[in-house]
Amino acid sequence: MSTGQRISRSRERLAGSLLAAPGLFLIIALLILPALAILPVAFSNWQFGRGQIALVGWDNFLELTQDRRFVAALRNTIVYVLIVVPATVGLGLLLALLIDGSGKLQAFYRTAHFLPVVSTMAAMAVAWDAVLHPTFGLLNHALTLIGLSGRNWLRDEALVLPTLACIGVWQSVGFAVIMFLAGLRSIPKSLIDAAIMDGATSPLDKARTVMLPLLGPVTVFVTVLTAKRALAVFDTVYVMTGGGPGNASEVLLHLLYVESFEHLRAGYGAAISIVYLALALAILWGQRAIDRRIHYS
Amino acid sequence: MNAGTLTRRFTRHGLLLISTLIVASPFLWMALLSCMPPERAGQSVVSLQIDLAAIKANYAAALTETPMPRFLLNGVIVCALTLTSQIIVGAPIAFALAKMHFPGRKLVVGLVVVALLLPHEILAVPLFFICYRLGVLDSYTAIMLPNLISPTAVFLLYQFFRTIPNDLIHAARIDGMGYWSIIWRVMIPLSKPVLAAIAVLSIVGRWNDLYWPAIAVSSTELMPPPLGMMVFHDQEAGTNYGPLMAAALITTAPLIVAFIIAQRKFIDSFTASSVR
(Lines give C-alpha, C1' and ligand atoms only; values in the text may rest on other atoms or scores of the structure.)
Protein backbone atom coordinates (compact mmCIF):
# COMPACT_ATOMS: atom_id res chain seq x y z
CA MET A 1 0.00 0.00 0.00
CA SER A 2 1.47 3.38 -0.97
CA THR A 3 1.55 6.36 1.37
CA GLY A 4 -1.07 8.09 -0.77
CA GLN A 5 -3.45 5.18 -0.47
CA ARG A 6 -2.88 5.01 3.27
CA ILE A 7 -3.70 8.70 3.63
CA SER A 8 -6.90 8.34 1.63
CA ARG A 9 -7.82 5.28 3.73
CA SER A 10 -7.46 7.17 6.98
CA ARG A 11 -9.31 10.11 5.46
CA GLU A 12 -12.17 7.82 4.55
CA ARG A 13 -12.25 6.45 8.09
CA LEU A 14 -12.43 9.96 9.51
CA ALA A 15 -15.06 11.07 6.98
CA GLY A 16 -17.13 7.95 7.64
CA SER A 17 -17.05 8.50 11.38
CA LEU A 18 -18.01 12.16 10.98
CA LEU A 19 -20.93 11.36 8.66
CA ALA A 20 -22.23 8.69 11.02
CA ALA A 21 -21.73 10.77 14.18
CA PRO A 22 -24.93 12.91 14.31
CA GLY A 23 -27.20 9.94 13.53
CA LEU A 24 -25.35 7.73 15.97
CA PHE A 25 -25.59 10.40 18.66
CA LEU A 26 -29.37 10.66 18.23
CA ILE A 27 -29.83 6.88 18.17
CA ILE A 28 -27.89 6.53 21.41
CA ALA A 29 -29.41 9.57 23.13
CA LEU A 30 -33.05 9.05 22.11
CA LEU A 31 -33.33 5.26 21.83
CA ILE A 32 -30.53 3.17 23.30
CA LEU A 33 -29.82 5.10 26.53
CA PRO A 34 -33.52 5.68 27.36
CA ALA A 35 -34.11 1.95 26.88
CA LEU A 36 -31.23 1.11 29.22
CA ALA A 37 -32.38 3.75 31.75
CA ILE A 38 -35.72 2.01 32.23
CA LEU A 39 -34.12 -0.83 34.17
CA PRO A 40 -32.67 1.18 37.09
CA VAL A 41 -35.76 3.44 37.14
CA ALA A 42 -38.01 0.37 37.47
CA PHE A 43 -36.18 -0.51 40.71
CA SER A 44 -36.60 2.99 42.16
CA ASN A 45 -39.39 4.93 43.83
CA TRP A 46 -38.89 7.89 41.52
CA GLN A 47 -41.82 10.25 41.07
CA PHE A 48 -41.85 13.08 38.55
CA GLY A 49 -41.50 16.40 40.34
CA ARG A 50 -40.16 14.95 43.58
CA GLY A 51 -36.54 15.41 44.63
CA GLN A 52 -35.40 12.26 46.40
CA ILE A 53 -34.99 8.98 44.60
CA ALA A 54 -34.11 5.71 46.30
CA LEU A 55 -33.59 2.23 44.97
CA VAL A 56 -36.35 0.04 46.34
CA GLY A 57 -35.39 -3.37 44.93
CA TRP A 58 -38.29 -5.45 43.69
CA ASP A 59 -40.96 -3.32 45.44
CA ASN A 60 -42.51 -2.00 42.20
CA PHE A 61 -42.79 -5.48 40.76
CA LEU A 62 -44.22 -6.89 43.99
CA GLU A 63 -46.77 -4.08 43.96
CA LEU A 64 -47.66 -4.94 40.36
CA THR A 65 -48.64 -8.47 41.39
CA GLN A 66 -50.97 -7.00 44.05
CA ASP A 67 -52.38 -4.28 41.79
CA ARG A 68 -55.76 -5.41 40.46
CA ARG A 69 -55.74 -2.77 37.77
CA PHE A 70 -52.36 -4.00 36.48
CA VAL A 71 -53.37 -7.66 36.59
CA ALA A 72 -56.49 -6.77 34.59
CA ALA A 73 -54.39 -4.75 32.13
CA LEU A 74 -51.94 -7.60 31.59
CA ARG A 75 -54.69 -10.15 31.16
CA ASN A 76 -56.74 -7.89 28.85
CA THR A 77 -53.71 -7.03 26.70
CA ILE A 78 -52.90 -10.72 26.20
CA VAL A 79 -56.55 -11.55 25.43
CA TYR A 80 -56.71 -8.59 23.01
CA VAL A 81 -53.59 -9.78 21.16
CA LEU A 82 -54.89 -13.36 21.10
CA ILE A 83 -58.16 -12.21 19.49
CA VAL A 84 -56.74 -9.62 17.10
CA VAL A 85 -53.80 -11.62 15.70
CA PRO A 86 -55.52 -14.84 14.55
CA ALA A 87 -58.59 -12.92 13.33
CA THR A 88 -56.46 -10.44 11.36
CA VAL A 89 -54.26 -13.11 9.81
CA GLY A 90 -57.18 -15.43 8.99
CA LEU A 91 -59.45 -12.71 7.60
CA GLY A 92 -56.54 -11.04 5.83
CA LEU A 93 -55.62 -14.26 4.04
CA LEU A 94 -59.24 -15.03 3.14
CA LEU A 95 -59.82 -11.51 1.79
CA ALA A 96 -56.53 -11.56 -0.14
CA LEU A 97 -57.50 -14.86 -1.82
CA LEU A 98 -60.90 -13.39 -2.69
CA ILE A 99 -59.46 -10.08 -3.93
CA ASP A 100 -56.65 -11.73 -5.92
CA GLY A 101 -59.03 -13.19 -8.49
CA SER A 102 -61.65 -10.45 -8.46
CA GLY A 103 -60.78 -8.90 -11.83
CA LYS A 104 -61.58 -5.27 -12.53
CA LEU A 105 -62.70 -4.43 -8.98
CA GLN A 106 -59.43 -5.64 -7.46
CA ALA A 107 -57.91 -2.18 -6.95
CA PHE A 108 -61.17 -0.89 -5.47
CA TYR A 109 -61.41 -3.68 -2.90
CA ARG A 110 -57.76 -3.34 -1.97
CA THR A 111 -58.05 0.43 -1.46
CA ALA A 112 -61.25 0.11 0.56
CA HIS A 113 -59.76 -2.45 2.93
CA PHE A 114 -56.55 -0.48 3.35
CA LEU A 115 -58.30 2.77 4.32
CA PRO A 116 -58.31 2.10 8.10
CA VAL A 117 -54.53 1.52 8.10
CA VAL A 118 -53.81 5.13 7.10
CA SER A 119 -56.68 6.85 8.89
CA THR A 120 -56.26 8.61 12.22
CA MET A 121 -57.19 6.10 14.91
CA ALA A 122 -58.15 8.76 17.47
CA ALA A 123 -60.66 10.23 15.00
CA MET A 124 -61.90 6.80 13.97
CA ALA A 125 -62.36 5.89 17.64
CA VAL A 126 -64.73 8.85 17.89
CA ALA A 127 -66.54 7.54 14.80
CA TRP A 128 -66.71 4.00 16.24
CA ASP A 129 -68.07 5.48 19.45
CA ALA A 130 -70.98 6.81 17.38
CA VAL A 131 -71.42 3.51 15.53
CA LEU A 132 -71.61 1.64 18.85
CA HIS A 133 -73.81 4.17 20.67
CA PRO A 134 -76.55 2.21 22.50
CA THR A 135 -79.54 4.33 21.39
CA PHE A 136 -78.68 5.88 18.05
CA GLY A 137 -75.61 3.95 16.92
CA LEU A 138 -75.48 2.35 13.49
CA LEU A 139 -74.80 -1.14 14.83
CA ASN A 140 -77.82 -1.31 17.13
CA HIS A 141 -80.00 0.17 14.36
CA ALA A 142 -78.83 -2.60 12.04
CA LEU A 143 -79.35 -5.30 14.68
CA THR A 144 -82.89 -4.06 15.38
CA LEU A 145 -83.64 -4.17 11.64
CA ILE A 146 -82.82 -7.87 11.48
CA GLY A 147 -84.76 -8.58 14.66
CA LEU A 148 -81.93 -8.76 17.18
CA SER A 149 -81.68 -6.61 20.27
CA GLY A 150 -78.92 -4.02 20.58
CA ARG A 151 -76.33 -3.97 23.33
CA ASN A 152 -74.42 -1.35 25.23
CA TRP A 153 -71.15 -2.45 23.67
CA LEU A 154 -68.75 -0.21 25.53
CA ARG A 155 -70.40 -0.20 28.96
CA ASP A 156 -70.78 -3.97 29.34
CA GLU A 157 -67.85 -5.61 31.15
CA ALA A 158 -68.17 -8.82 29.14
CA LEU A 159 -68.46 -7.08 25.76
CA VAL A 160 -66.09 -4.14 25.90
CA LEU A 161 -62.81 -6.00 25.27
CA PRO A 162 -64.10 -8.16 22.38
CA THR A 163 -65.64 -4.98 20.90
CA LEU A 164 -62.32 -3.13 21.07
CA ALA A 165 -60.60 -6.21 19.61
CA CYS A 166 -62.99 -6.12 16.64
CA ILE A 167 -61.99 -2.51 16.06
CA GLY A 168 -58.37 -3.68 16.28
CA VAL A 169 -59.03 -6.24 13.55
CA TRP A 170 -60.79 -3.59 11.46
CA GLN A 171 -57.71 -1.39 11.83
CA SER A 172 -55.07 -3.95 10.90
CA VAL A 173 -56.72 -6.32 8.41
CA GLY A 174 -55.92 -4.07 5.43
CA PHE A 175 -52.22 -4.37 6.11
CA ALA A 176 -52.48 -8.18 6.21
CA VAL A 177 -54.43 -8.08 2.94
CA ILE A 178 -51.76 -6.13 1.03
CA MET A 179 -48.95 -8.29 2.44
CA PHE A 180 -50.76 -11.49 1.44
CA LEU A 181 -51.58 -10.04 -1.98
CA ALA A 182 -47.88 -9.26 -2.49
CA GLY A 183 -47.06 -12.79 -1.34
CA LEU A 184 -49.60 -14.34 -3.70
CA ARG A 185 -48.23 -12.33 -6.60
CA SER A 186 -44.72 -13.65 -5.95
CA ILE A 187 -45.86 -17.26 -6.45
CA PRO A 188 -44.68 -18.38 -9.93
CA LYS A 189 -47.58 -19.03 -12.31
CA SER A 190 -45.89 -22.25 -13.42
CA LEU A 191 -46.39 -23.75 -9.95
CA ILE A 192 -50.10 -23.01 -10.03
CA ASP A 193 -50.35 -24.45 -13.55
CA ALA A 194 -48.56 -27.58 -12.37
CA ALA A 195 -51.06 -27.96 -9.54
CA ILE A 196 -53.96 -27.60 -12.00
CA MET A 197 -52.39 -30.31 -14.18
CA ASP A 198 -52.22 -32.49 -11.09
CA GLY A 199 -55.94 -32.07 -10.61
CA ALA A 200 -56.24 -29.07 -8.30
CA THR A 201 -58.99 -27.39 -10.30
CA SER A 202 -61.15 -25.63 -7.72
CA PRO A 203 -59.86 -22.40 -6.15
CA LEU A 204 -59.97 -24.12 -2.77
CA ASP A 205 -57.65 -26.90 -3.97
CA LYS A 206 -55.29 -24.38 -5.54
CA ALA A 207 -55.17 -22.39 -2.32
CA ARG A 208 -54.57 -25.47 -0.19
CA THR A 209 -51.92 -27.21 -2.31
CA VAL A 210 -49.82 -24.36 -3.70
CA MET A 211 -50.62 -20.98 -2.24
CA LEU A 212 -50.82 -21.60 1.50
CA PRO A 213 -47.55 -23.56 1.85
CA LEU A 214 -45.67 -20.86 -0.07
CA LEU A 215 -47.18 -18.06 2.01
CA GLY A 216 -45.42 -19.30 5.17
CA PRO A 217 -42.84 -16.51 5.50
CA VAL A 218 -45.41 -13.76 4.76
CA THR A 219 -47.74 -15.28 7.35
CA VAL A 220 -45.02 -15.22 10.01
CA PHE A 221 -44.24 -11.62 9.16
CA VAL A 222 -47.88 -10.48 9.21
CA THR A 223 -48.45 -12.34 12.50
CA VAL A 224 -45.49 -10.68 14.20
CA LEU A 225 -46.29 -7.20 12.94
CA THR A 226 -49.96 -7.49 13.88
CA ALA A 227 -48.98 -8.79 17.32
CA LYS A 228 -46.63 -5.83 17.87
CA ARG A 229 -49.34 -3.37 16.83
CA ALA A 230 -51.99 -5.11 18.91
CA LEU A 231 -49.70 -5.03 21.95
CA ALA A 232 -49.49 -1.24 21.53
CA VAL A 233 -53.28 -0.72 21.69
CA PHE A 234 -53.85 2.72 23.21
CA ASP A 235 -55.91 5.15 21.12
CA THR A 236 -59.25 3.30 21.26
CA VAL A 237 -58.96 2.74 25.01
CA TYR A 238 -57.92 6.34 25.68
CA VAL A 239 -60.70 7.83 23.53
CA MET A 240 -63.57 5.39 24.07
CA THR A 241 -63.38 3.69 27.47
CA GLY A 242 -60.52 5.03 29.62
CA GLY A 243 -60.01 1.41 30.68
CA GLY A 244 -63.53 0.92 32.01
CA PRO A 245 -66.11 -0.19 32.96
CA GLY A 246 -64.30 -1.38 36.07
CA ASN A 247 -60.98 -2.41 34.60
CA ALA A 248 -62.62 -4.47 31.88
CA SER A 249 -60.81 -2.68 29.04
CA GLU A 250 -57.64 -1.58 30.84
CA VAL A 251 -54.52 -2.38 28.79
CA LEU A 252 -50.78 -2.13 29.49
CA LEU A 253 -49.92 0.94 27.42
CA HIS A 254 -52.89 2.91 28.77
CA LEU A 255 -52.01 1.97 32.35
CA LEU A 256 -48.38 2.90 31.66
CA TYR A 257 -49.64 6.31 30.54
CA VAL A 258 -51.94 6.76 33.55
CA GLU A 259 -49.37 5.70 36.18
CA SER A 260 -46.44 7.60 34.63
CA PHE A 261 -48.07 10.81 33.48
CA GLU A 262 -51.28 11.21 35.48
CA HIS A 263 -50.10 9.76 38.81
CA LEU A 264 -46.51 10.81 37.95
CA ARG A 265 -45.11 7.52 39.29
CA ALA A 266 -42.10 7.18 37.00
CA GLY A 267 -40.63 4.17 38.82
CA TYR A 268 -43.89 2.26 38.74
CA GLY A 269 -44.42 3.24 35.09
CA ALA A 270 -40.93 1.95 34.26
CA ALA A 271 -41.80 -1.38 35.91
CA ILE A 272 -44.87 -1.62 33.65
CA SER A 273 -42.57 -0.77 30.70
CA ILE A 274 -40.39 -3.76 31.61
CA VAL A 275 -43.42 -6.07 31.52
CA TYR A 276 -44.40 -4.57 28.16
CA LEU A 277 -40.85 -5.06 26.86
CA ALA A 278 -40.91 -8.70 28.02
CA LEU A 279 -44.07 -9.31 25.99
CA ALA A 280 -42.55 -7.60 22.92
CA LEU A 281 -39.42 -9.72 23.27
CA ALA A 282 -41.54 -12.86 23.59
CA ILE A 283 -43.16 -11.99 20.24
CA LEU A 284 -39.72 -11.44 18.64
CA TRP A 285 -38.42 -14.67 20.15
CA GLY A 286 -41.42 -16.54 18.77
CA GLN A 287 -40.68 -15.09 15.33
CA ARG A 288 -37.04 -16.22 15.48
CA ALA A 289 -38.06 -19.73 16.54
CA ILE A 290 -40.61 -20.09 13.73
CA ASP A 291 -38.28 -18.51 11.14
CA ARG A 292 -35.60 -21.04 12.00
CA ARG A 293 -38.04 -23.89 11.58
CA ILE A 294 -39.24 -22.62 8.19
CA HIS A 295 -35.73 -22.14 6.85
CA TYR A 296 -34.28 -25.43 8.00
CA SER A 297 -37.12 -27.79 7.25
CA MET B 1 -69.25 -19.64 -18.73
CA ASN B 2 -70.87 -22.47 -16.78
CA ALA B 3 -73.16 -22.16 -13.78
CA GLY B 4 -70.41 -23.19 -11.37
CA THR B 5 -68.04 -20.34 -12.19
CA LEU B 6 -70.93 -17.88 -12.19
CA THR B 7 -72.02 -18.90 -8.69
CA ARG B 8 -68.43 -18.75 -7.55
CA ARG B 9 -68.00 -15.27 -8.94
CA PHE B 10 -71.25 -14.16 -7.36
CA THR B 11 -70.17 -15.50 -3.95
CA ARG B 12 -66.75 -13.87 -4.26
CA HIS B 13 -68.10 -10.40 -5.04
CA GLY B 14 -70.93 -10.78 -2.54
CA LEU B 15 -68.48 -11.52 0.28
CA LEU B 16 -66.13 -8.73 -0.78
CA LEU B 17 -68.95 -6.18 -0.99
CA ILE B 18 -70.18 -7.09 2.50
CA SER B 19 -66.65 -6.84 3.84
CA THR B 20 -66.11 -3.48 2.10
CA LEU B 21 -69.35 -2.19 3.58
CA ILE B 22 -68.30 -3.21 7.11
CA VAL B 23 -64.86 -1.63 6.70
CA ALA B 24 -66.41 1.57 5.34
CA SER B 25 -69.22 1.80 7.92
CA PRO B 26 -67.50 4.03 10.52
CA PHE B 27 -66.39 6.41 7.76
CA LEU B 28 -69.90 6.58 6.31
CA TRP B 29 -71.56 6.95 9.72
CA MET B 30 -69.12 9.72 10.66
CA ALA B 31 -69.81 11.56 7.39
CA LEU B 32 -73.56 11.10 7.75
CA LEU B 33 -73.71 12.37 11.34
CA SER B 34 -71.57 15.37 10.42
CA CYS B 35 -74.34 16.37 7.98
CA MET B 36 -77.24 16.22 10.42
CA PRO B 37 -78.76 18.93 12.60
CA PRO B 38 -78.19 18.37 16.32
CA GLU B 39 -81.84 17.77 17.19
CA ARG B 40 -82.04 14.88 14.75
CA ALA B 41 -78.68 13.24 15.52
CA GLY B 42 -79.88 12.51 19.07
CA GLN B 43 -83.03 10.72 17.97
CA SER B 44 -83.21 6.99 17.63
CA VAL B 45 -84.45 7.04 14.04
CA VAL B 46 -81.96 8.50 11.61
CA SER B 47 -83.40 10.29 8.68
CA LEU B 48 -81.24 10.15 5.60
CA GLN B 49 -82.22 13.64 4.59
CA ILE B 50 -79.15 15.80 4.21
CA ASP B 51 -79.54 19.32 5.40
CA LEU B 52 -77.21 21.99 3.93
CA ALA B 53 -77.72 24.38 6.84
CA ALA B 54 -76.79 21.62 9.29
CA ILE B 55 -73.62 20.76 7.34
CA LYS B 56 -72.62 24.40 7.42
CA ALA B 57 -73.38 24.74 11.14
CA ASN B 58 -71.55 21.53 12.11
CA TYR B 59 -68.40 22.25 10.14
CA ALA B 60 -68.37 25.89 11.23
CA ALA B 61 -68.60 24.72 14.85
CA ALA B 62 -65.81 22.18 14.31
CA LEU B 63 -63.55 24.86 12.86
CA THR B 64 -64.32 27.63 15.33
CA GLU B 65 -65.23 26.15 18.74
CA THR B 66 -61.70 24.80 19.08
CA PRO B 67 -58.68 26.13 17.18
CA MET B 68 -58.98 23.34 14.58
CA PRO B 69 -57.10 25.26 11.84
CA ARG B 70 -54.27 25.70 14.34
CA PHE B 71 -54.28 21.94 15.11
CA LEU B 72 -53.99 21.20 11.40
CA LEU B 73 -51.15 23.70 11.05
CA ASN B 74 -49.37 22.11 14.05
CA GLY B 75 -49.75 18.71 12.40
CA VAL B 76 -48.24 19.99 9.16
CA ILE B 77 -45.33 21.69 10.95
CA VAL B 78 -44.54 18.63 13.09
CA CYS B 79 -44.73 16.23 10.12
CA ALA B 80 -42.60 18.44 7.86
CA LEU B 81 -39.85 19.19 10.39
CA THR B 82 -39.69 15.59 11.67
CA LEU B 83 -39.37 14.18 8.16
CA THR B 84 -36.72 16.77 7.26
CA SER B 85 -34.65 15.83 10.30
CA GLN B 86 -35.06 12.10 9.65
CA ILE B 87 -33.60 12.53 6.17
CA ILE B 88 -30.90 15.12 6.93
CA VAL B 89 -29.57 13.05 9.85
CA GLY B 90 -30.46 9.63 8.44
CA ALA B 91 -28.95 9.83 4.94
CA PRO B 92 -25.32 10.51 6.05
CA ILE B 93 -25.25 7.69 8.62
CA ALA B 94 -26.91 5.33 6.14
CA PHE B 95 -24.33 6.27 3.51
CA ALA B 96 -21.40 5.83 5.90
CA LEU B 97 -22.72 2.41 6.96
CA ALA B 98 -23.37 1.26 3.41
CA LYS B 99 -20.38 2.62 1.53
CA MET B 100 -17.50 3.61 3.84
CA HIS B 101 -15.03 1.91 6.10
CA PHE B 102 -14.70 3.37 9.57
CA PRO B 103 -13.97 1.91 12.97
CA GLY B 104 -16.96 0.39 14.75
CA ARG B 105 -19.09 0.20 11.60
CA LYS B 106 -20.46 -3.26 12.42
CA LEU B 107 -21.33 -2.19 15.96
CA VAL B 108 -23.23 0.83 14.65
CA VAL B 109 -25.23 -1.37 12.24
CA GLY B 110 -26.06 -3.53 15.26
CA LEU B 111 -27.26 -0.48 17.24
CA VAL B 112 -29.48 0.61 14.33
CA VAL B 113 -31.07 -2.84 14.25
CA VAL B 114 -31.60 -2.84 18.03
CA ALA B 115 -33.15 0.64 17.78
CA LEU B 116 -35.37 -0.66 14.97
CA LEU B 117 -36.67 -3.61 16.98
CA LEU B 118 -37.15 -1.68 20.23
CA PRO B 119 -40.82 -1.00 21.05
CA HIS B 120 -40.68 2.80 21.15
CA GLU B 121 -43.73 3.08 23.42
CA ILE B 122 -41.70 2.02 26.46
CA LEU B 123 -39.31 4.94 26.10
CA ALA B 124 -41.94 7.48 27.20
CA VAL B 125 -40.76 7.83 30.82
CA PRO B 126 -37.07 8.49 30.01
CA LEU B 127 -37.96 10.69 27.03
CA PHE B 128 -40.31 12.77 29.17
CA PHE B 129 -37.45 13.24 31.64
CA ILE B 130 -35.06 14.27 28.84
CA CYS B 131 -37.59 16.87 27.63
CA TYR B 132 -37.98 18.11 31.20
CA ARG B 133 -34.21 18.44 31.73
CA LEU B 134 -33.81 20.22 28.38
CA GLY B 135 -36.64 22.53 29.44
CA VAL B 136 -38.58 21.86 26.25
CA LEU B 137 -41.76 20.26 27.64
CA ASP B 138 -44.90 21.69 26.08
CA SER B 139 -43.27 22.82 22.82
CA TYR B 140 -42.93 21.69 19.21
CA THR B 141 -39.44 20.46 20.14
CA ALA B 142 -40.93 18.09 22.73
CA ILE B 143 -43.41 16.67 20.21
CA MET B 144 -40.68 16.09 17.64
CA LEU B 145 -37.72 15.07 19.83
CA PRO B 146 -38.28 11.28 19.96
CA ASN B 147 -38.58 11.10 16.18
CA LEU B 148 -35.73 13.35 15.06
CA ILE B 149 -34.11 10.13 13.92
CA SER B 150 -35.96 7.15 12.49
CA PRO B 151 -34.20 3.77 12.60
CA THR B 152 -36.63 2.60 9.90
CA ALA B 153 -35.53 5.45 7.60
CA VAL B 154 -31.84 4.78 8.30
CA PHE B 155 -32.29 1.08 7.62
CA LEU B 156 -34.29 1.56 4.40
CA LEU B 157 -31.71 4.03 3.06
CA TYR B 158 -28.82 1.78 4.16
CA GLN B 159 -30.32 -1.18 2.31
CA PHE B 160 -30.92 0.90 -0.81
CA PHE B 161 -27.49 2.58 -0.83
CA ARG B 162 -25.86 -0.86 -0.71
CA THR B 163 -27.44 -1.68 -4.08
CA ILE B 164 -25.84 1.38 -5.75
CA PRO B 165 -22.58 0.34 -7.53
CA ASN B 166 -19.34 1.48 -5.88
CA ASP B 167 -18.03 2.55 -9.30
CA LEU B 168 -20.50 5.40 -9.29
CA ILE B 169 -19.02 6.71 -6.04
CA HIS B 170 -15.44 6.20 -7.26
CA ALA B 171 -16.23 8.12 -10.44
CA ALA B 172 -17.72 10.96 -8.41
CA ARG B 173 -14.64 10.95 -6.15
CA ILE B 174 -12.35 11.16 -9.18
CA ASP B 175 -14.42 14.12 -10.40
CA GLY B 176 -13.46 15.78 -7.14
CA MET B 177 -16.75 15.47 -5.25
CA GLY B 178 -16.64 15.18 -1.49
CA TYR B 179 -18.69 12.57 0.38
CA TRP B 180 -21.20 15.19 1.51
CA SER B 181 -22.05 16.23 -2.04
CA ILE B 182 -22.03 12.59 -3.21
CA ILE B 183 -24.77 11.91 -0.65
CA TRP B 184 -26.98 14.84 -1.65
CA ARG B 185 -26.19 15.10 -5.37
CA VAL B 186 -25.68 11.46 -6.37
CA MET B 187 -27.25 9.09 -3.83
CA ILE B 188 -30.38 11.00 -2.78
CA PRO B 189 -31.58 11.74 -6.35
CA LEU B 190 -31.29 7.98 -7.04
CA SER B 191 -33.27 7.10 -3.90
CA LYS B 192 -36.63 8.65 -4.78
CA PRO B 193 -38.71 5.46 -4.31
CA VAL B 194 -37.16 4.84 -0.88
CA LEU B 195 -37.59 8.49 0.11
CA ALA B 196 -41.26 8.29 -0.88
CA ALA B 197 -41.70 5.23 1.33
CA ILE B 198 -39.95 6.94 4.24
CA ALA B 199 -42.09 10.06 3.78
CA VAL B 200 -45.34 8.08 3.73
CA LEU B 201 -44.48 6.00 6.80
CA SER B 202 -43.19 9.01 8.73
CA ILE B 203 -46.10 11.32 7.89
CA VAL B 204 -48.76 8.68 8.57
CA GLY B 205 -47.06 7.84 11.87
CA ARG B 206 -46.63 11.42 13.08
CA TRP B 207 -50.00 12.79 11.91
CA ASN B 208 -51.89 9.96 13.60
CA ASP B 209 -49.90 9.80 16.82
CA LEU B 210 -51.92 10.49 19.95
CA TYR B 211 -49.78 8.78 22.62
CA TRP B 212 -46.63 10.89 22.69
CA PRO B 213 -48.26 14.32 22.05
CA ALA B 214 -50.65 13.55 24.93
CA ILE B 215 -47.54 13.21 27.13
CA ALA B 216 -45.45 16.02 25.67
CA VAL B 217 -47.83 18.99 25.33
CA SER B 218 -50.58 20.52 27.42
CA SER B 219 -51.15 23.88 25.70
CA THR B 220 -54.12 23.73 23.36
CA GLU B 221 -52.42 25.89 20.74
CA LEU B 222 -49.55 23.37 20.32
CA MET B 223 -51.68 20.26 19.89
CA PRO B 224 -51.57 18.16 16.72
CA PRO B 225 -55.00 17.22 15.26
CA PRO B 226 -55.70 13.90 17.09
CA LEU B 227 -54.96 15.43 20.50
CA GLY B 228 -56.81 18.63 19.64
CA MET B 229 -59.83 16.59 18.64
CA MET B 230 -59.76 15.02 22.11
CA VAL B 231 -60.26 18.48 23.65
CA PHE B 232 -63.33 18.84 21.46
CA HIS B 233 -64.46 15.33 22.44
CA ASP B 234 -64.23 16.19 26.15
CA GLN B 235 -66.02 19.52 25.68
CA GLU B 236 -68.94 18.04 23.79
CA ALA B 237 -69.18 15.02 26.11
CA GLY B 238 -71.30 13.01 23.71
CA THR B 239 -74.25 15.41 23.44
CA ASN B 240 -73.58 17.19 20.22
CA TYR B 241 -72.49 14.63 17.66
CA GLY B 242 -72.61 16.76 14.48
CA PRO B 243 -69.70 19.11 15.17
CA LEU B 244 -67.67 16.31 16.81
CA MET B 245 -68.03 14.08 13.76
CA ALA B 246 -67.10 17.02 11.54
CA ALA B 247 -63.96 17.54 13.65
CA ALA B 248 -63.05 13.84 13.44
CA LEU B 249 -63.56 13.90 9.69
CA ILE B 250 -61.38 17.00 9.30
CA THR B 251 -58.66 15.32 11.40
CA THR B 252 -58.42 12.18 9.33
CA ALA B 253 -59.34 13.63 5.92
CA PRO B 254 -55.88 14.93 4.84
CA LEU B 255 -54.28 11.47 5.00
CA ILE B 256 -57.26 9.76 3.41
CA VAL B 257 -57.27 12.22 0.52
CA ALA B 258 -53.50 11.80 0.11
CA PHE B 259 -53.92 8.02 0.17
CA ILE B 260 -56.65 8.03 -2.44
CA ILE B 261 -54.55 10.26 -4.71
CA ALA B 262 -51.36 8.18 -4.33
CA GLN B 263 -52.64 4.69 -3.51
CA ARG B 264 -49.78 2.77 -5.09
CA LYS B 265 -47.15 4.85 -3.28
CA PHE B 266 -48.86 4.30 0.07
CA ILE B 267 -49.35 0.58 -0.38
CA ASP B 268 -45.79 0.06 -1.66
CA SER B 269 -44.46 2.03 1.30
CA PHE B 270 -46.23 -0.18 3.80
CA THR B 271 -45.01 -3.28 1.96
CA ALA B 272 -41.47 -1.85 2.07
CA SER B 273 -41.76 -1.41 5.84
CA SER B 274 -41.23 -5.19 5.98
CA VAL B 275 -37.84 -4.45 7.51
CA ARG B 276 -39.49 -4.05 10.90
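Good morning. I begin with one residue: A:Leu264 counts as partly exposed, because it has 15 C-beta neighbours inside 10 Å, and a residue is called buried only if 20 or more other C-beta atoms lie within that distance. The model on the screen is a predicted one. A:Leu264 has a positive phi of about 60°, although it is not a glycine. Where in chain A does A:Leu264 lie? It is placed in the loop between H12 and helix H13, which covers residues 266-296.

Is B:Asp138 buried, exposed or partly exposed? There are 13 other C-beta atoms within 10 Å of B:Asp138, so it counts as partly exposed.

Let us stay for a moment with helix H6 of chain B, which contains B:Ile130. This residue has 19 other C-beta atoms within 10 Å. The cut-off for a buried residue is 20 or more, and B:Ile130 is therefore partly exposed. B:Ile130 can also be related to B:Leu145. The two are 15 residues apart in sequence, and their C-alpha atoms are 9.4 Å apart in space.

One further local feature belongs to chain A. A cis peptide bond joins A:Gly244 and A:Pro245, with omega at about -5°. A:Pro245 is found in the loop that runs between helix H11 (235-241) and helix H12 (252-262) of chain A.

How many helices and how many strands does chain A have? It has 13 helices and zero strands. Of its 297 residues, 43% are buried. The radius of gyration of chain A is 25 Å, whereas a compact globule of 297 residues would have a value near 19 Å. Along its principal axes, the C-alpha trace spans about 75 × 70 × 35 Å. As for contacts between residues at least 6 apart in the sequence of chain A, 70% join residues at least 24 apart.

Among the contacts in chain B with a separation of 6 or more, 77% are between residues 24 or more positions apart.

How do the two chains meet? On the side of chain A, 71 residues are in contact with chain B, and on the side of chain B the number is 78. Helix H1 of chain A, residues 3-42, gives the largest share of chain A's side, with 20 residues. Sorted by class, the residues on that side are 55 nonpolar, 13 polar and three charged.

A particular pair of helices illustrates this meeting. In general, two packed helices are described by the angle between their axes and the distance between the axes. Helix H4 of chain A (residues 106-118) packs against helix H1 of chain B (residues 3-33) at an angle of about 35°, and their axes are 9 Å apart. The crossing of H4(A) and H1(B) is left-handed. Which residues meet there? From H4(A) they are A:Tyr109, A:Ala112, A:His113, A:Leu115 and A:Pro116, and from H1(B) they are B:Leu16, B:Thr20, B:Val23, B:Ala24 and B:Phe27. This contact has eight nonpolar, two polar and no charged residues.

In soluble globular proteins, nonpolar side chains tend to be buried together. The largest nonpolar core here has 172 residues, and those with the most contacts inside it are A:Ala127, A:Phe180, A:Leu252, B:Leu157, B:Met245 and B:Ala248. Helix H7 of chain A, residues 160-185, supplies the largest share of this core, 16 residues. Which residues does A:Ala127 touch, leaving aside its neighbours within four places in sequence? It is in contact with B:Pro26, B:Phe27, B:Trp29, B:Met30, B:Met245 and B:Ala248. Thank you for your attention.

How values were computed. Residues are numbered from 1 along each chain as its sequence is written. Chains are lettered from A and ligands numbered from 1 in the order in which they are written. This is a predicted model: local features need pLDDT of at least 70, side-chain atom pairs count only at pLDDT 80 or more; totals for chains, interfaces and linings use all residues. Two residues are in contact if their C-beta atoms, placed from the backbone, lie within 7 Å. Helices (H or I, at least four residues) and strands (E, at least two) are DSSP runs, numbered from the N terminus. Ala, Val, Leu, Ile, Met, Phe, Trp, Tyr, Cys and Pro count as nonpolar, Asp, Glu, Lys and Arg as charged, and the others, Gly among them, as polar. A nonpolar core is a set of buried Ala, Val, Leu, Ile, Met, Phe, Trp, Tyr and Cys residues joined through C-beta atoms within 7 Å. A residue is buried if 20 or more other C-beta atoms lie within 10 Å of its own, exposed if 12 or fewer, and partly exposed in between; C-beta atoms are placed from the backbone. Axes are lines fitted to C-alpha atoms, for helices over the stretch in contact, and angles run from 0 to 180 degrees between N-to-C directions. A crossing is left-handed if the near helix is turned anticlockwise from the far one by less than a right angle, and right-handed if clockwise. The radius of gyration is taken over C-alpha atoms; the globule rule is 2.2 Å times the number of residues to the power 0.38.
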